[in-house]
Each structure stands twice: as structure tokens, then as C-alpha cells.
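Hello,

Here is the structure I promised to pass on to you. Have a look at it first, and then read on for what turned up in it.

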Amino acid sequence: MRSTSLEVIDLGEVPYEVAQADMARWVTERKEERAGNRLFLLTHPPVITYTARTPVSQLPDPSSPIPLVEVDRGGHATYHGPGQLIGYLVVNVRDLGPHGLVRRVEHALIHAVRSLGFEAVRRDTPRGSESLAGVWTPDHRKLASIGMRISGSVTSHGFALNIAPDLDVYSTFMSCALPDVRMTSLAALAEESGRPTPTENQVRDTVTAALTTGLSAARGTAVVIGDHACDGP
């Protein structure tokens with residue numbers, strides 16, 4: 001029987017390029033069964049990532065002080081920086097079941113956000129539209145992005161949950177190729193409701209518990225991931 005346990009590793013702040021190099025090694029270790037299924041939790045210094053599919057018109061002005069890095073995932077442009085919780089999932093989908101993996105991550109993050117006292121929902125992507133994978137508020141502000149790549153049955157990349165990042169950055173480029181997207185954070189939602197913003201430790205612990213349970217549960221049957229799923233880390 002294949003194990004569905006998930007080891008969680010907290011790395012703290014890691015430069016984006018370093019994390020990507022490490023992720024290639026983590027994927028190789030999982031493919032060669034030198035490691036089990038793992039979730040790496042971390043933060044990045046400010047960076048905007050994009051893919052070969054991203055039009056130049058959706059990127060920041062060349063004078064932007066935030067570095068731009070091209071990546072090999074699906075999707076388009078997104079931002080990482082202080083005040084986010086990044087989770088990189090390196091798991092064998094034959095253990096967890098490729099059907100519904102994105103859906104299960106969405107539900108786990110939604111459960112975590114609700115446990116922290118905030119309402120959150122998922123959205124179905126209309127046929128022919130850019131991906132709406134992620135976690136949203138009921139009024140369709142985006143709180144978390146999800147994006148994974150599968151190579152040899154092993155996933156890489158993962159999710160980014162906004163705790164208290166600089167939301168002004170999102171006005172400098174088009175996030176996830178969604179021209180009308182409104183990004184938000186737990187800090188913004190907390191301010192609106194007159195409550196304290198959860199600490200990064202509280203968010204990390206709540207997300208860890210939700211994902212450990214959600215990805216160890218019975219296999220889902222909803223969304224099938226192809227070679228690339230967008231948009232996210």
C-alpha cells in the first residue's frame with residue numbers, strides 16, 4: 001500500500017532562485033523514492049514570476065524595482081513577497097490520486113481560512129477562460145493562488161496565501177492573466193471586520209493541519225491536473 005503521509009518542512013525565508021534549484025532536487029528525490037511526500041513552507045523576498053506564455057503587456061514596467069523571473073510552471077504572472085505563506089508540494093500523485101488534487105488543496109486552504117475566522121470559497125473556471133484555481137472571498141477577491149506542475153507523476157510548485165503582503169504591488173502587473181482580479185489578504189479582511197490579523201505562526205500551523213489532513217484523506221474525484229496547472233507559485 002502506498003503511503004499518503006505528508007512531511008511538513010518549514011524553511012523560513014528563501015530567495016526564489018534558491019528555492020527553485022532546491023525544488024528540482026526535491027522532485028528528483030521523490031521520483032527516486034529517496035524521500036516521501038513533502039510540503040515545504042517558506043516565504044520569498046519580493047519577486048514577480050511569469051511564464052513563456054505571459055504577454056509582455058501583462059508584466060510590470062521595465063523600471064520596476066521588483067525582480068522578474070521566468071519559471072517553468074503553467075499560468076502567467078504572479079507575485080511573491082514578505083507577508084505571504086508559500087507552500088511547495090512535492091508529492092507522488094499515484095499516492096494521493098491526481099484526480100481532484102488541486103480541488104483538495106483548495107478545500108484544505110479554505111478550511112484553514114475559515115478556521116482563522118474568515119469566509120472563503122472556491123470558483124469553477126468557465127470553459128475557455130483563464131484558470132480560477134485558488135481561494136477567493138465570497139465577493140470574488142483572490143486570497144490565495146494555486147499552481148502545480150507534474151513531471152513523472154511528481155508535483156512541484158504549490159500555493160501562495162496572502163497574510164499581509166504589500167497589495168499595491170498587484171497594481172503594477174496583471175495577476176494570473178485576469179484583468180479584473182482584485183487581490184486581498186487576511187490582514188485586509190481582518191481590518192474590514194475589526195479583528196486582529198492572524199500571526200504568521202497561526203496561519204502556518206492552521207494551514208499545516210488542514211493540508212496534512214486534506215491530502216491524507218480518501219482520494220478526490222474532481223479536477224484532473226495535466227502537465228501544468230496554473231496560476232501560482
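This is a predicted model: local features need pLDDT of at least 70, side-chain atom pairs count only at pLDDT 80 or more; totals for chains, interfaces and linings use all residues.

**What was found**

Let me begin with a charge and a ring: Arg195 lies over the face of Phe118, 5.1 Å from the ring centre.

**The aromatic pairs**

How many aromatic pairs does a search of the whole structure find? The search finds 3 of them. One is formed by Tyr79 and Tyr170, with the ring centres 5.7 Å apart and 80° between the planes, an edge-to-face arrangement. This pair links distant parts of the chain, 91 residues apart: Tyr79 belongs to strand β5 (residues 78-80), while Tyr170 sits in the loop between β9 and β10 (182-183).

Tyr170 also pairs with Phe173. Their ring centres are 6.0 Å apart and their planes meet at 35°, so this pair is tilted. Taken together, ring pairs join Tyr79, Tyr170 and Phe173 into a cluster.

Tyr79 has 3%, so Tyr79 is buried. Tyr170, at 10%, counts as buried because its value is under that cut-off. Phe173 has 8% and therefore counts as buried too.

Now please find strand β2, residues 38-43. The strand is mostly covered, with 6 of its 6 residues buried. Which residues lie on each side? Arg38, Phe40 and Leu42 are on one side, and Leu39, Leu41 and Thr43 are on the other; all of these are buried, and both faces of β2 are covered.

Strand β1 (residues 7-13) runs parallel to β2, and 6 bridges join the two. Within this pairing, Gly12 has Leu42 of β2 as its bridge partner. To get from β1 to β2 the chain passes through helix α1 (residues 16-31), and this β-α-β crossover is right-handed.

β2 is also joined to strand β6 (residues 84-90), this time by 5 bridges, and these two strands run antiparallel. Leu42 comes up again here, standing opposite Ile86 in β6.

**Helices α4 and α5**

Helix α4 covers residues 186-193, and its buried residues are Leu186, Ala187, Ala188, Leu189 and Ala190. What do these buried residues pack against? Their partners are α3 (101-115), β8 (141-151), β9 (154-162) and α5 (200-214). After α4 comes Gly194, which has a positive phi, near 70°.

In helix α5, a residue to look at is Thr206. The side chain of Thr206 reaches the backbone oxygen of Gln202 at 2.8 Å. Leaving aside residues up to four places away in sequence, Thr206 touches Ala112, Ser115 and Leu116.

Happy exploring, and best wishes

Notes
Residues are numbered from 1 along each chain as its sequence is written. Side-chain values use heavy atoms; hydrogens and water are left out. Buried means under 20% relative accessible area, exposed over 50%, partly exposed in between (1.4 Å probe, protein chains only). Helices (H or I, at least four residues) and strands (E, at least two) are DSSP runs, numbered from the N terminus. Two strands pair if DSSP finds at least two bridges between them. A crossover is right-handed if, with the strands pointing away from the viewer, the path from the first strand over the helix to the second runs clockwise. Contact means heavy atoms within 4.5 Å. A polar contact is a pair of N or O atoms within 3.5 Å; within protein, one must be able to donate a hydrogen and the other to accept it, and residues adjacent in sequence count only if both atoms are side-chain atoms. Rings of Phe, Tyr and Trp (its six-membered ring) pair if their centres lie within 6.5 Å; planes under 30 degrees apart count as stacked, over 60 as edge-to-face and the rest as tilted. A charge sits over a ring if NZ of Lys or CZ of Arg is within 6 Å of the ring centre and within 35 degrees of the ring normal.
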